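The stops below are meant to be selected one after another.

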Amino acid sequence: MNIELRDLRYFETIAGLGHLGKAAEVLCRSQPALTKCIQRLENEVGAALFERKGRGLQLTAVGREFQARAAKIRAASDRYLNDMRDFVAGSVGKVRVGCGPITADYLLPIICNLVLRHEPGISLEVTINTNYVLKDLIRQDKLDMIVGVVTGDDEFRHQAFIDDTVVVAAGRHHPIFRSGKVKLAQLPDYKWILPNAMVGSRKWLDDVFMAHDLPRPHAHIETNSLPSIHDVIGSTDLLCFLSRLTLEHPKTRGLLREVKLRETTMVRQLGITYPRGSLMPATTRLIELLDRHHPEHIGVVHG
């Protein structure tokens, strides 16, 4: 497909205004020139993009899909141009980084320090959310990289840095610690605070109970950021499922304690996830930086 960026810009304006004459005024182009633009695009796509509606135009179903894709193409083009301008000006560019709650505490500070020390021309734009939300943002081309749980699926590229262990935990004075040796069958009887059902660790925990013919834990409270509400966990009789890194972090102030069970001990990896295919220069530079200075060997992360 051979489409000019200029035609995409004209198309987006026409689609936004829904009127050829108004678009001609805004773009300072003649209506015949814009009509030819539409014809060129329709020839490339092989279908009509607009249909008449009164005196104006409205997008067809194909036109609406093309509008969404055109916006992504233009946004990517603008980013490449901006990166080029940054390069000429002596800087490298911006990397849009998504982080899970755990990695916001543990890996993100390491990466920020590495960038400041070794690649000061790279700027970071950080979004914190759950891994499945962040992956969807990559699909929408709204993120360049995720720093979080590495799942190993084939859709993206992955690079693991450290092992992370997720366990059942509770406040230090939770009644479960007064019952002697804890068994898996006891856990469904307690109240829980858990990530929502789409989060990988929650799915894993549910599968454990189902595999042992036990009811899944009932979440009385659901949250996308367990590490940030340790005070709630520590001051209630709620069980949770979270990283040992959180249990060992100074911010927990000894509030939490692990409920030690082999069956509910989940080992996963933390690292980076990024799209397959071509990457922005700044993203490539950041990945190369992490290859040279592996966070596992920096000594800041414990666990």
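**Before selecting anything**

This is a predicted model, in which local features need pLDDT of at least 70 and side-chain atom pairs count only at pLDDT 80 or more, whereas totals for chains, interfaces and linings use all residues. Residues are numbered from 1 along each chain as its sequence is written, and side-chain values use heavy atoms, with hydrogens and water left out.

**The whole chain**

Of the 303 residues, 44% count as buried, where buried means under 20% relative accessible area, exposed over 50% and partly exposed in between, with a 1.4 Å probe and protein chains only. Among the contacts with a separation of 6 or more, 72% join residues 24 or more positions apart, a contact being heavy atoms within 4.5 Å.

**The largest pocket**

Next select Asn131, Val149, Val199, Gly200 and Arg268, which among the 30 lining residues lie nearest the centre of the largest pocket. A pocket here is, on a 1 Å grid over the protein atoms alone, an open set of points where a 1.4 Å probe fits, with protein on both sides within 12 Å along at least five of seven lines, and lining residues have an atom within 4 Å of a point. The space in the largest pocket is about 610 Å³, a volume being the space filled by probe spheres set on the grid points, which are joined across faces, edges and corners.

Helix H5 (101–118), helix H6 (131–139), strand E5 (145–150), H7, E9 and E11 each give at least two residues to the lining. Sorted by class, the lining has 15 nonpolar, 12 polar and three charged residues; Ala, Val, Leu, Ile, Met, Phe, Trp, Tyr, Cys and Pro count as nonpolar, Asp, Glu, Lys and Arg as charged, and the others, Gly among them, as polar.

Then move to Asp141, in the loop between H6 and E5. Asp141 has a positive phi of about 60 degrees although it is not a glycine, and it is partly exposed, with a relative accessible area of 30%.

Within H7, Ser201, Arg202, Leu205, Asp206, Val208 and Phe209 are buried. They cover an arc of only 155 degrees around the axis, which puts them on the same side of H7. Strand E7 (191–194), strand E8 (219–222), strand E9 (238–243) and strand E11 (266–275) are included in what covers them.

In the loop between H7 and E8 lies Asp213. Asp213 is not a glycine, yet has a positive phi of about 55 degrees, and at 71% relative accessibility it counts as exposed.

**Helix H3**

Now select helix H3, residues 31–45, where Leu34, Cys37, Ile38 and Leu41 are buried. They cover an arc of only 95 degrees around the axis, which puts them on the same side of H3. Turn to the face away from that buried side to find the exposed residues Pro32, Lys36 and Asn43. Just after H3, Gly46 takes a positive phi of about 85 degrees.

Select Ile287 in helix H10 (residues 281–292), which is buried with a relative accessible area of 8%. Which residues is Ile287 in contact with, leaving aside its neighbours within four places in sequence? They are Met145, Gln159, Ile272, Tyr274 and Leu279.

Lastly, select Thr246 in helix H9 (residues 244–248), where the relative accessible area is 0% and Thr246 is buried. Thr246 and Val166 are 80 residues apart in sequence but 9.4 Å apart in space, C-alpha to C-alpha.

Technical notes. Helix = DSSP H or I, 4+ residues; strand = E, 2+ residues; numbered from the N terminus. Arc of directions from axis to C-beta.
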